[in-house]
Amino acid sequence: MRSPVRFERRLEQPKWLNWAIPVVSLIAALVLGAIVLLATGKNPLDVYSRIFERGFAGTRALSGSIKTATPLAFTGLCAAIAFRMGLINIGGEGQFYMGAVGATWAGLVFGGDLPTGAVVIVMALSGMVCGGLYAAIVGVLRAKFNTNEIITSLMMNYLAAIFLNYLIYNSTSYWRDPESRNFPAGKPIPDRADWNFYEVGGIKIPLAFLIAIIAGAAIWVLYKRTRFGFEVGVIADSPKAARYAGIRTTSTIVIVLALSGALAGLGGAADVGNFRGLLDSKGLQMSGYGYTGIVVAALARLNPISTLFVAVLIGGLTNAGFALQGPDFPSGLVGTLQGLILFTAVAGEVLVKYRIRRNRRAAAVMA
Amino acid sequence: MNSNIFVIIASSAIFYGTPLFFAALGGIFTERSGVLNLGVEGTMLLGGVSGAWASQHVPGSAWFTVLAAIIIGMAAGALTSTLLAFLCVTLRTNQTVAGLAITIFAGGVGLSSYFANIWKVAEAPVDRQVRRLDVFGWADAPVVGPILFNQTILTYLSWVLVVLASVYLFRTRFGLQLRAVGESPQTADAMGINVVKYRYLHTILGGALAGLGGVYYSLAIVPTWVDGMTKGAGWIAIALVIFGFWRPSITLIGAYLFGALQSLSSTLKARNVQISGDVLDALPFFMTIVVLVLVSTRFAHRRLGAPAALGVPYEREER
């Protein structure tokens with residue numbers, strides 16, 4: 001029996017697919033989500049309109065969504081930059097934690113003495129270095145021993161989570177507030193280490209979101225306009241060809257993973273500097289920004305500029321999920337929707353690669 | 001003698017290693033057909049929550065309820081991986097991202113948590129469990145009693161499965177054809193083997209086994225449902241497939257090794273051994289990385305390696 005449709009490889013990829021695929025994927029995900037909601041006795045229209053209201057309608061909702069979008073923009077960029085080279089770094093979660101650890105340390109040490117601007121820079125750098133080094137371990141293992149980076153980077157998420165618990169709950173570390181006896185909590189960074197917010201048309205834009213925009217643009221330039229970006233593209237397409245062309249694949253693997261981790265680490269720094277003001281072990285682990293970042297990057301088709309927009313979209317969804325959580329809006333719902341978006345985004349790639357045609361011969365046979 | 005710490009560790013290694021083995025065995029079938037399933041963690045959780053729900057709601061005698069829970073959990077796992085097979089085999093998508101999508105969709109903050117919420121699974125304990133047996137009344141026999149004769153029925157099932165799976169993979173025609181599909185789908189197709197059918201069936205079988213692993217968590221290990229209760233076991237299972245060189249017998253040994261590591265924390269705490277709990281919790285994850293590095297250096301280019309077509313979508317050239 002032949003299938004009624006057949007896939008025909010596209011010889012070139014039309015430009016309009018770049019925005020059409022994410023839009024179609026998103027709509028398809030909402031339809032699939034509606035089926036899940038209907039099957040479990042909820043009214044999808046009601047759920048979606050509430051998500052829209054709490055996520056996107058009005059300046060207050062948008063301020064909240066951009067706040068949630070900020071860490072997602074960094075973890076999305078983290079995933080996008082590595083996936084582009086075919087390196088599946090799913091350790092954004094752990095690299096994000098390590099960045100938060102490094103930035104909190106810098107904020108606590110320098111927050112009292114340096115002027116605000118300098119503290120922000122030191123915190124950001126410290127977060128980037130910690131996240132970057134943490135990811136570089138994965139890179140070295142991959143480059144030197146050819147160890148599967150998917151599993152190592154994921155295992156390191158669990159290790160980083162245990163490390164966070166150790167710092168805040170199971171030790172008297174520098175990061176822990178010594179006054180918190182019964183309810184262990186992180187030590188707040190000094191006020192001077194707090195990052196700024198800017199108001200644009202009533203919407204509060206955190207400084208970190210502006211940094212994310214700059215980072216996204218920088219990555220775009222790096223990948224589109226530099227020799228390094230070109231080499232990364234060659235390695236992604238064919239590692240063998242790259243080696244014959246004299247491109248140093250091993251060092252490029254380590255550099256790309258370190259860059260990827262540095263972006264996640266910068267997100268962790270933003271989480272501490274712009275939002276929480278302390279190392280919040282439980283809050284970080286509950287948010288799962290690293291994993292959501294993968295969804296963001298996939299829906300943005302690994303384009304750094306689109307990643308920023310998609311981050312706002314998914315940030316709105318996540319933010320609405322937090323705000324609505326309750327008995328008739330169970331906690332797993334947003335995660336389910338995000339998973340569906342990832343499904344449809346990867347299924348949508350089929351339309352990029354193939355043209356789907358009706359199988360005429362099969363139709364003739366059946367007639 | 002049976003309170004000797006080594007006896008306890010060996011006994012719990014098998015107890016905690018069993019779900020890892022089920023998930024890893026599923027991974028062996030799936031990967032032998034050339035499909036990489038990174039959705040094991042999510043599949044296990046969906047199997048676990050469905051099993052827990054069934055254990056609380058299916059009426060009848062205790063053994064019937066437990067049997068129903070096991071079957072429903074496996075069916076949930078099979079259904080989840082049918083979705084993966086559709087994406088990877090029919091739509092020929094990137095298998096890595098498709099698997100990640102399954103884990104995010106079904107995982108600890110996804111559908112499994114959603115189901116647990118709307119079915120109110122976590123609000124009551126899962127009373128009807130898969131309990132440890134006392135085989136031949138030898139559970140108290142010195143040394144071997146707790147290790148071999150005081151396990152759950154699922155552990156004994158897993159021992160049967162090791163033999164069956166090894167025979168199937170290496171001694172039957174179907175196993176040979178399966179391996180051919182995983183090594184070179186073009187050749188297999190030319191020989192008249194239905195590549196799509198083999199990939200679908202073994203991906204679904206793998207999902208059912210992952211679901212069984214999940215049921216083991218919610219019905220044998222923890223008496224109450226907790227979101228994300230497998231805590232990375234699905235990922236360790238994926239590493240175990242590599243560690244076991246895609247062979248059921250070696251994978252069983254690896255599963256018990258990691259079962260021992262996972263149980264170490266609770267075992268040693270109960271005996272007041274002074275070791276940081278965090279170090280013990282970190283051990284399975286750390287050892288997974290160490291094991292993967294060792295395996296990938298020494299044996300990567302030997303014949304024991306991965307199925308050659310693993311992770312590559314098969315595209316039949318049209319005439």
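**View 1. Helix H5 of chain B is mostly covered in this predicted model.** Of the eight residues in H5(B), which spans 111–118, six are buried (under 20% relative accessible area, 1.4 Å probe, protein chains only). Look for B:Leu111, B:Ser112, B:Ser113, B:Tyr114, B:Phe115 and B:Ala116. Helices here are DSSP runs of H or I with at least four residues, numbered from the N terminus. Just after H5(B), B:Lys120 takes a positive phi of about 55°.

**View 2. Chain B meets chain A.** Here 45 residues of chain B are in contact with 44 residues of chain A (heavy atoms within 4.5 Å). The two chains bury about 3,800 Å² between them, 77% of it on carbon and sulfur atoms; this is the accessible area (1.4 Å probe) lost on being put together, summed over both. In chain B, B:Ile104, B:Tyr114 and B:Asp278 lose the most area to chain A, together 17% of what that side buries.

View 3. H13(B) provides the largest share, eleven residues.

**Notes.** Residues are numbered from 1 along each chain as its sequence is written, and chains are lettered from A in the order in which they are written. In this predicted model, local features need pLDDT of at least 70, while totals for chains and interfaces use all residues.

Technical notes
Predicted model: local features only at pLDDT ≥ 70, side-chain atom pairs only at ≥ 80, totals over all residues. Heavy atoms only, no water. Buried < 20%, exposed > 50% of the residue type's maximum accessible area, 1.4 Å probe, protein only. Helix = DSSP H or I, 4+ residues; strand = E, 2+ residues; numbered from the N terminus.
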